[in-house]
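Please look through the model shown below. The text after it goes through a few of its residues in turn.

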Amino acid sequence: LFRSDLFLHAADKMGVAPRNCLVIEDSVNGIVAGLKAGMKVIGFPGSFPEEELVNAGATDVVMGYQELINWFS
């Protein structure tokens, strides 16, 4: 089940347009849900290998916390 409504609810509560949101996800379903919500999605391998996250449509994939921090630099 792709629960894009949860991401949309969070964006609404924060007063941010979905297109201005970034989701960091370690699951295929989470990536698909974030994309269906109209958000950018970074895959963070953990539960699923990098290839599956990319195939699910992740905007980018980071391999660890330091790489995630660097992504924002």
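The model is predicted. Side chains of opposite charge can pair when their charged atoms come close. How many salt bridges does the count come to? The count comes to 1 salt bridge, formed by Arg3 with Asp5. The closest N and O atoms of Arg3 and Asp5 are 2.8 Å apart, and the pair qualifies because the cut-off is 4 Å. Arg3 has a relative accessibility of 38% and so counts as partly exposed. For Asp5 the value is 39%, so Asp5 is partly exposed as well.

Next comes the loop between helix H3 (50-56) and strand S3 (60-61), where Ala58 is found. Is Ala58 buried or exposed? Its relative accessible area is 12%, so Ala58 is buried; the limit for buried is under 20%. With residues up to four places away in sequence left out, Ala58 touches Ile31, Leu35, Val41, Gly43 and Leu53. Val23 is 35 residues from Ala58 in sequence, while the two C-alpha atoms are 9.5 Å apart in space.

Which residues make the nonpolar surface patch? Leu22, Ile24, Trp71 and Phe72 make this patch, with an area of about 360 Å². Phe72, one of these residues, sits in the segment after helix H4 (65-71). With a relative accessible area of 52%, Phe72 is exposed, because exposed means over 50%.

Conventions: Residues are numbered from 1 along each chain as its sequence is written. This is a predicted model: local features need pLDDT of at least 70, side-chain atom pairs count only at pLDDT 80 or more; totals for chains, interfaces and linings use all residues. Side-chain values use heavy atoms; hydrogens and water are left out. A salt bridge is a side-chain nitrogen of Lys or Arg within 4 Å of a carboxyl oxygen of Asp or Glu. Buried means under 20% relative accessible area, exposed over 50%, partly exposed in between (1.4 Å probe, protein chains only). Helices (H or I, at least four residues) and strands (E, at least two) are DSSP runs, numbered from the N terminus. Contact means heavy atoms within 4.5 Å. Patches are made of residues with over 30% relative accessible area and no salt bridge: like charges are joined within 9 Å, nonpolar side chains (Val, Leu, Ile, Met, Phe, Trp, Tyr) within 5 Å. Accessible areas come from the Shrake-Rupley method with a 1.4 Å probe; for residues, only the protein chains shown count as cover.
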